[in-house]
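This briefing sets out selected features of one protein structure, grouped by topic. The sequence and the structure are shown first.

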Amino acid sequence: MSIIYKNRRLSSSRVILLGFFGVIVLGTLLLMLPCSRAGAGGAPFLDALFTATSATCVTGLITNDTATYWSVFGQAVILCLIQIGGLGVITIAIFITKLSGRKIGLMQRSIMQESIAAPQMGGIVRMTGFILKTVVVIEIIGAVAFLPAMVPEFGLLKGVWYAVFHSISSFCNAGFDLMGIKAQYSSLTSYTGNVLVNVVVMALIVVGGIGFLTWDDVKRNRLHLRRYRMQSKVVLVVTCGLIVLPALYFYCREFSMPAWEGMTMGERVLASFFQSVTTRTAGYNTVDLARLTEPGQMIMILLMLIGGAPGSTAGGMKVTTFAVLFATAIAVFKRRPNAHIFGRRIPNDTAHYAATVLTLYLCMFFVGGVFISCAENMAIMPALFEAASAIATVGVTLGITPELCAASKVVLIILMFFGRVGGMTIVYAALSAKHPYVSEFPQEKIMVG
């Protein structure tokens, strides 16, 4: 993996950027093959590019129904892209290098550290092996758990394929599904009251979204929560809060309205928790999201933008970013010089980084939404919803994606790529300074707030 460019090694940011780009290009070419499409001829370039980007960036937005438009080969290509995108291109490359018996140098370890958001380089190769083994075990367990629901409905062979596909897609927080054979673009709406499917999907999404470092803490420390890293504590606490509180809102407000009066109490409970879980990280839905009120859709937009944990299969600006910003605001209110979380001081550099990530995501989300609204001559809310889903690599939709013009689809492709690779990774790759700054401008205060 020693990468040379103009006689100099590429930075970690550029390696990650080029790695994802290369996988997307390869996926696009494979999906354009005639054998990838269920109908005659290969897929158009833009549709193949959109699908490859969505799969590699584990988003779930689609321009064509996955079950009816793509052949089994095409679905397999999509599933491979989801797996690579969920684990990270660099994780896969390190694993292949390790299997080949080649030495993994400092540069490869540095790239791996940035790819999975590890706090230190030490033990990074061991962490890679742990991640891959855990992923395989979890996805197998998920597939087996799906079998009682899939096999009776679709038969043995197709049921096993559907179980494997949805297990990997759920764990990688991708949101791709094969339920279009019932009704196109229906996602999991036929399983609104199915406890098994709802619970398995939610469990896989949450486990995939809490991050590899949190897994390591769980493995090492079990139920001794005080021994966990501060990051793992933040991830677990914020994740629980962002599941329970929105679920309470959906249950008490959204699914109590006349539009949903046909749902039983059990279906309301399942739907409330499912939409709360899937909105932040995955892309499935068990109800028609277009029927939600605008306040409900706005809450989903906020959940999408927050996303999951760093170093996970989830997207968004990350729950740790949200926690740092919230803790920083509390510190400002209390006139403290630094934010504190779980008895630990947060460096000001981390707060600056979190504010920068928030600014990047909000700008991309807003500009993308306004562009789509103007290009399609549509109301701003569905356009912003689609933009948030793309930038946060979530994949939930109000159903407008297949009808968008080429320009709007290109905007969504850019947002998905930006969201998966990471805004700061792209900025560092494009604007990395060759020399550190050794001088400072004169200081002058400016009033804010």
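The axes of helix α11 (residues 230–252) and helix α13 (residues 294–306) come within 11 Å of each other and cross at roughly 170°. That crossing makes α11 roughly antiparallel to α13. Axes are lines fitted to C-alpha atoms, for helices over the stretch in contact, and angles run from 0 to 180 degrees between N-to-C directions; those under 35 degrees count as roughly parallel, those over 145 as roughly antiparallel, 65 to 115 as roughly perpendicular and the rest as oblique. The model is predicted: local features need pLDDT of at least 70 and side-chain atom pairs count only at pLDDT 80 or more, while totals for chains, interfaces and linings use all residues. Residues are numbered from 1 along each chain as its sequence is written, and side-chain values use heavy atoms, with hydrogens and water left out.

**Contact of α11 with α13**

- From α11, Leu242, Pro246, Tyr249 and Phe250 meet Pro295, Gly296, Ile299, Met300, Leu303 and Ile306 of α13, where contact means heavy atoms within 4.5 Å.
- By class, this contact of α11 with α13 has 9 nonpolar, 1 polar and no charged residues. Ala, Val, Leu, Ile, Met, Phe, Trp, Tyr, Cys and Pro count as nonpolar, Asp, Glu, Lys and Arg as charged, and the others, Gly among them, as polar.

**Overall composition**

- The secondary structure of the protein comes to 18 helices and 4 strands; helices (H or I, at least four residues) and strands (E, at least two) are DSSP runs, numbered from the N terminus.
- Buried residues make up 53% of the 449 residues in the protein. Buried means under 20% relative accessible area, exposed over 50%, and partly exposed in between (1.4 Å probe, protein chains only).
- Among contacts between residues at least 6 apart in sequence, 69% join residues at least 24 apart.

**Nonpolar core**

- The largest nonpolar core has 117 residues, of which Ile82, Trp215 and Ile301 touch the most other members. Helix α7 (residues 124–154) gives the most to this core, with 10 residues.
- Such a core is a set of buried Ala, Val, Leu, Ile, Met, Phe, Trp, Tyr and Cys residues joined through side-chain atoms within 4.5 Å.
- Beyond its neighbours within four places in sequence, Trp215 is in contact with residues including Phe130, Ile131, Thr134, Val135 and Ile138.

**Val234 and Thr320**

- Val234 belongs to helix α11 and is buried, with a relative accessible area of 6%.
- Not counting residues up to four places away in sequence, Val234 touches Thr239, Thr320, Ala323, Ile341 and Phe342.
- Val234 and Val324 are 90 residues apart in sequence and 9.3 Å apart in space, C-alpha to C-alpha.
- Thr320 lies in helix α14 (residues 319–333) and is buried at a relative accessible area of 16%. Outside four places in sequence, the contacts of Thr320 are Gln231, Val234, Val235 and Pro310.

**Thr51**

- Thr51 is placed in helix α2 (residues 45–56) and counts as buried at 2% relative accessibility.
- Leaving aside neighbours within four places in sequence, Thr51 is in contact with Leu31, Thr63, Trp70, Ile78 and Phe176.

**Cysteines**

- The count comes to 0 disulfides, a disulfide being a pair of cysteine sulfur atoms within 2.5 Å.
- Cys80, in helix α4 (residues 72–87), is partly exposed, with a relative accessible area of 49%. Cys363 is partly exposed, with a relative accessible area of 44%.
- The C-alpha atoms of Cys80 and Ser169, 89 residues apart along the chain, are separated by 10.0 Å.
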